Amino acid sequence: MAYLRLTNVDVDFPIYNTSRRLLNFNLPSSSAGGFMKRDRSNRVTVNALRGVTLTIESGTRLGLIGHNGAGKTTLLRVLAGIFHPTRGTIESEGNVSPMFDIQLGMEPDATGYENIKITGMLLGMSAREVENLVPEIEEFTELQNYLELPIRTYSAGMMMRLAFAIATAKKNAEILLLDEAIGAGDANFQEKAQTRFDKFQSQSNITVIASHSDGMIRSMCNQAALFEKGQILFVGAVDEALELYAASAS
Amino acid sequence: MKFMNSDIVTALLAWRLWLTWSWVDLRQRYRRSRLGTFWMTLSLGVTIFGISFVFSGLFGQDIKTLMPHIATGMIGWTLITGMVNDGCLVFINAETVIKQIHLPYTSHVLRHLMRQFFTFFHHIWIAILVALIFSVEPTIKTLLVFPALALYFINGIWVGLLLGMVCTRFRDVPQIITSAMQLIFFVTPIFWKPGFLTGRRRFIIDSNPLYHYLEILRQPLLGGSPTLINWAVVLAITTGGLVVTVFVFRRFGKRIPYWL
């Protein structure tokens with residue numbers, strides 16, 4: 001059974017080479033951005049996550065909500081194994097499929113087929129898995145002969161179709177991480193794409209999605225976590241979380 | 001130890017990924033050009049021929065022995081320089097990918113390293129051509145080129161990991177290293193023969209570790225064999241480098257994305 005467990009996770013980003021004299025920490029706390037302070041060596045750090053403790057069990061579809069810079073994307077990246085926590089621990093079971101940038105790994109001068117291969121392998125599929133998926137991708141994208149041309153000849157829409165098809169092709173994505181801010185969510189979903197996405201999403205045991213869209217959270221999630229300045233204020237029912245968020249924003 | 005082991009092992013098992021990736025990287029540089037990647041062979045070949053003609057006159061050396069020496073020297077040096085200079089930028093260049101998906105850091109190193117080796121396999125044809133023209137006979141010692149390449153590969157891994165980490169954290173280091181490599185190019189007997197420096201000046205050659213690295217590759221290609229000192233220096237530096245890299249990677253490997 002897949003799960004994700006964070007215990008007291010801190011993520012501190014040291015900002016190198018800033019001017020020593022600027023930055024007045026006496027200003028009232030802004031409504032955007034993470035928690036900033038100076039560390040021991042008098043260097044500015046942004047404490048993107050502070051003391052985050054969270055357990056995500058199988059079957060959870062968790063929505064992350066909060067203001068800009070609250071820590072949603074950082075949390076997703078910690079869950080994806082990209083950032084190791086500065087402090088605290090993370091345990092996980094199940095393979096993770098991050099869907100942060102749909103066009104990750106796409107090489108403009110390589111052909112459609114070659115991109116399917118490279119991006120597929122980048123996303124963790126074996127060469128044989130990718131080969132088996134090619135017919136399905138061909139059928140979905142409807143790109144026909146264009147797949148033999150370099151993708152720089154594609155229109156933006158065509159490129160999106162191909163990227164989307166590859167990103168949703170993986171068969172055993174157990175933990176799915178979606179960051180709407182970076183691009184997974186702004187694919188122009190037509191019915192066919194929506195169906196494919198729903199199918200892909202339903203195969204996963206756990207989905208974590210960061211979004212600013214109430215509608216998306218309500219339709220896709222069965223739990224929500226409210227972030228503010230790197231800390232989780234509330235984890236629980238979606239409606240309650242969204243109400244709290246709306247209340248805090250006013 | 002677990003972090004490092006799993007990083008290297010996972011990376012090596014995923015060989016298809018970085019092999020394909022690096023080949024696509026290389027090929028796309030020459031897209032739509034008529035000669036494609038053959039340009040790599042051609043451009044270095046022309047340089048080698050040009051330098052050989054000029055310097056055989058300058059040094060009063062017979063081109064028959066000088067050109068094979070220069071060809072093997074420049075091919076080997078290009079590989080070494082590529083591994084070092086690009087190794088510095090390994091993580092910096094892969095910043096976007098590193099921040100979007102978790103891959104073993106060694107995979108990024110291997111992707112760049114393979115690109116250097118693919119380039120080498122394009123260049124080696126020049127050496128073969130020169131050998132044919134000047135009747136340089138391959139001998140049984142020429143087989144020593146394979147262990148030499150294997151050592152280069154191993155060194156490429158630790159150099160990429162170590163320098164990659166240091167250069168990601170301290171952005172001045174890539175510049176320092178590029179400048180240092182340019183300087184070392186001149187004090188290494190690439191287009192001049194070691195015999196030109198006699199007496200006390202000889203230490204300039206022998207104390208240059210890259211000279212020894214170059215020799216283990218160059219000598220077999222010329223049908224000779226490297227000296228025991230060459231092997232000893234290379235093996236010592238390889239071992240030392242691996243040990244240092246293991247320590248540094250275990251301690252700081254997890255900080256790499258924070259430095260990007």
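In the predicted model, the contact between the two chains draws on 20 residues of chain A and 15 residues of chain B. On the chain B side, the elements that contribute two or more residues are helix 2 (15–28), helix 6 (95–100) and helix 13 (256–259). Helix 2 of chain B gives the most to this side, with six residues. By class, the side of chain B that touches chain A consists of seven nonpolar, four polar and four charged residues.

Chain A is divided into domain 1 (3–92 + 223–239) and domain 2 (112–204). The contact between these domains takes five residues from domain 1 of chain A and four residues from domain 2 of chain A. Helix 1 (residues 72–79) of chain A supplies three residues, the largest share of the domain 1 side. That side of domain 1 holds four nonpolar residues, one polar residue and no charged residues.

The secondary structure of chain A amounts to seven helices and 10 strands. Of the 250 residues in chain A, 38% are buried. Among the contacts in chain A with a separation of 6 or more, 74% are between residues 24 or more positions apart.

An open sheet of six strands in chain A has the order 6-7-8-4-9-10, and its pairing is mixed. Strand 6 (96–99) and strand 10 (231–236) of chain A each have a single partner strand and stand at the edges, so one side of each is left without a neighbour in the sheet. On average, and with direction ignored, neighbouring strands of this sheet are turned by 15° against each other. Strand 6 of chain A pairs with strand 7 (residues 175–179) of chain A in the parallel sense, over four bridges. A:Met99 is placed opposite A:Leu178 of strand 7 of chain A.

The largest nonpolar core comprises 119 residues, and those with the most contacts inside it are A:Leu64, A:Leu79, A:Leu177, A:Val208, A:Ala224 and B:Ala71. Helix 4 (residues 63–88) of chain B gives the most to this core, with 12 residues. Domain 1 (3–92 + 223–239) and domain 2 (112–204) of chain A both contribute residues, so the core lies between them. In soluble globular proteins, nonpolar side chains tend to be buried together. With residues up to four places away in sequence not counted, A:Leu177 touches A:Leu76, A:Leu79, A:Ala80, A:Val96, A:Ser97, A:Pro98, A:Met99 and A:Val208.

Notes:
Residues are numbered from 1 along each chain as its sequence is written. Chains are lettered from A and ligands numbered from 1 in the order in which they are written. This is a predicted model: local features need pLDDT of at least 70, side-chain atom pairs count only at pLDDT 80 or more; totals for chains, interfaces and linings use all residues. Two residues are in contact if their C-beta atoms, placed from the backbone, lie within 7 Å. Ala, Val, Leu, Ile, Met, Phe, Trp, Tyr, Cys and Pro count as nonpolar, Asp, Glu, Lys and Arg as charged, and the others, Gly among them, as polar. Domain bounds come from an automatic or database domain assignment. A residue is buried if 20 or more other C-beta atoms lie within 10 Å of its own, exposed if 12 or fewer, and partly exposed in between; C-beta atoms are placed from the backbone. A nonpolar core is a set of buried Ala, Val, Leu, Ile, Met, Phe, Trp, Tyr and Cys residues joined through C-beta atoms within 7 Å. Two strands pair if DSSP finds at least two bridges between them. Axes are lines fitted to C-alpha atoms, for helices over the stretch in contact, and angles run from 0 to 180 degrees between N-to-C directions.
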